Number of protein chains: 2
Amino acid sequence: MPLRSRIDRAIHSAIADAQSPPAPPRLASALEYAVTPGGARIRPTILLSVAMACGDANPVLADRAAAALEIMHCASLVHDDMPCFDDADVRRGKPSVHKAYSEPLALLTGDSLIILAFETIAQDGGRDPSQALELVLTLARRTGMPFGICAGQGWESESKVDLSAYHLAKTGALFMAATEMGAIAGGQEAEPWTELGARIGEAFQVADDLRDALMDEASLGKPAGQDDLHGRPNAVTEFGVEGATQRLRDILAGAIASIPSCPGEAALAGMVKATADRIIPEPARHHGRPPVPGE
Amino acid sequence: MPLRSRIDRAIHSAIADAQSPPAPPRLASALEYAVTPGGARIRPTILLSVAMACGDANPVLADRAAAALEIMHCASLVHDDMPCFDDADVRRGKPSVHKAYSEPLALLTGDSLIILAFETIAQDGGRDPSQALELVLTLARRTGMPFGICAGQGWESESKVDLSAYHLAKTGALFMAATEMGAIAGGQEAEPWTELGARIGEAFQVADDLRDALMDEASLGKPAGQDDLHGRPNAVTEFGVEGATQRLRDILAGAIASIPSCPGEAALAGMVKATADRIIPEPARHHGRPPVPGE
């Protein structure tokens, strides 16, 4: 089964459980609204790719872990969109949850999805409780305090920011969760896989910076040039478009080099390369690439 | 060690872990603010009392479970106080978290505490992963959708309310979590302990109704007579003060009768009786009690 189908089926199954009677109907509907149609599902795709590279020892648990990670990501988007944070009216081309349902229901949707993420992993516990518990712990560490996405968001309320901790927690944490959880579900140690997740997260950060600098509002789906406008640190401001593009390619080369020895190492390297091609914005694709003979 | 000390020590230890560097300082401070000084810590007290009645097979895990349950309860208070719900300026005699820190930090505090609750249980997983995982699952079911406190709160956004599901989820769920998690940490099956939690929850609901009807704003610490004012279902409106007080005593007698056979059955029954005496508001204490000779 293609990865996307495995992921969507696992998410759908978790949401359906949470919607069972006697669930209050509007909140039940908001849970599904928040996770569909979904973006690229990039984090769970990385998780399953790592699990498969490790041999996919426990595919049911891997699917649950992938669903949990994406559900947690969606929860963070629902809360980030709320008026007290980004006050975003639109997400993935449709009204954000607080616009479509109300602020109280958006707050509860985020809370319920965070809880559902842990429940989804724990439900498969009978067969291998140690692995499931390690997945719970890893997901918690990469989402809460002091290392997770909550910590990342928390830095935005500080007058003096630890930039390295901020980026690692805000953008990197869920990618580290993806590779670590993939390894655990695949029956391997998590730690050797942390660097791959951190580097992929870093690459996404630079790709975001490039998109912010290069694309207009229409293609971006949100106001462009925001980093420059707000004086936020941005790889393009620091290195220029060519330098930032080269940096992105270097980071991904480092990511590929960091992949631990495993049965599916080559296929995983291919997946990371394909990701790189997808995330570099079109106007920057000709930069920082080795010349191709005859091109 | 007295239960209160065990509980406070376990909570403090969990919060201290979440505050470790590189945590953003204001969010780190808000986490501690949200769980201190704490109210009666009634839910973790019930949890530990049940674990001890079952033989307290794994006191470290029981302490972590108790801390997790109280941390989750505090998270729900932080989010409930926010402007889009109760818009409460004061909680436990000091400014609510969004008043003291800001709305974004209150939202993140709740999210971080929910995650910390699961992390706290999972951290002790090495020794008995099956028990720890069952605790994670039970806490999730009693807090998320469709049965937990999120579902309870969700019913308040519906035009047509399933009152039984609403009360069970809103007030009962964390008490059921308390008895079930106590049993699991004590090495027993959870299911036979569900009724005790449900009945204690019901008793607290009636006690709340009595307090709302009988006490003035000064003693209550919030506006009184709110149920009558908003036409909310209330045991006093339905049965009168005497009837509601008798009902509360009946429910607690039923709670005591439901305690499964276990080594510490008598001590646990004593704890439930003492709870009853504490939660019945002073003006109702002379109602519905069997006459005491010579009194």
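B:P22 sits in the loop that joins α1 (3-18) to α2 (25-35) of chain B. The model is a predicted one. The peptide bond leading from B:P21 into B:P22 is cis, with omega near 5 degrees. In chain A, the bond from A:P21 to A:P22 is likewise cis, with omega near 5 degrees, and A:P22 lies in the loop between α1 (3-18) and α2 of chain A. Most peptide bonds are trans, and most residues other than glycine have a negative phi.

Two further loop residues have a positive phi. One is A:R92, not a glycine, with phi near 50 degrees. A:R92 belongs to the loop between β1 (90-91) and β2 (94-95) of chain A. This residue is exposed, as 12 other C-beta atoms lie within 10 Å. The other is B:D56, also not a glycine, whose phi is about 50 degrees. B:D56 is placed in the loop between α3 (42-53) and α4 (59-80) of chain B. With 17 other C-beta atoms within 10 Å, B:D56 is partly exposed.

### How the two chains pair

The contact joins 53 residues of chain A to 53 residues of chain B. On the side of chain A that touches chain B, two or more residues come from each of α2 (25-35), α6 (103-122), α7 (129-143) and α8 (149-154) of chain A. Helix α6(A) supplies the largest share of that side, 13 residues. By class, the side of chain A that touches chain B holds 33 nonpolar, 13 polar and 7 charged residues.

### Domains of chain A

Chain A is assigned domain 1 (1-158) and domain 2 (190-290). Taken over C-alpha atoms, the centres of these two domains of chain A are 23 Å apart. Their contact involves 8 residues from domain 1 of chain A and 10 residues from domain 2 of chain A. Helix α3 (residues 42-53) of chain A gives the most to the domain 1 side, with 5 residues. That side of domain 1 of chain A, where it touches domain 2 of chain A, has 5 nonpolar, 3 polar and no charged residues.

The class make-up of the two contact sides is set out below.

| Domain 1 of chain A, touching domain 2 of chain A | 5 residues | 3 residues | no residues |

### The nonpolar core

The largest nonpolar core has 193 residues, and A:I71, A:V136, A:L139, B:I71, B:V136 and B:L139 touch the most other members. At least three residues of this core come from each of domain 1 (1-158) and domain 2 (190-290) of chain A. Setting aside neighbours within four places in sequence, A:L139 has contacts that include A:A68, A:L69 and A:M72. A:L139 is also in contact with A:A117, A:F118 and A:I121, and with A:A177 and A:M181.

Technical notes. Residues numbered from 1 in each chain as written. Chains lettered and ligands numbered in written order. Predicted model: local features only at pLDDT ≥ 70, side-chain atom pairs only at ≥ 80, totals over all residues. Core = buried A, V, L, I, M, F, W, Y, C linked by C-beta atoms within 7 Å. Buried ≥ 20, exposed ≤ 12 C-beta atoms within 10 Å, placed from the backbone. Domains from an automatic or database assignment. Contact = placed C-beta atoms within 7 Å. Helix = DSSP H or I, 4+ residues; strand = E, 2+ residues; numbered from the N terminus. Nonpolar A, V, L, I, M, F, W, Y, C, P; charged D, E, K, R; others polar.
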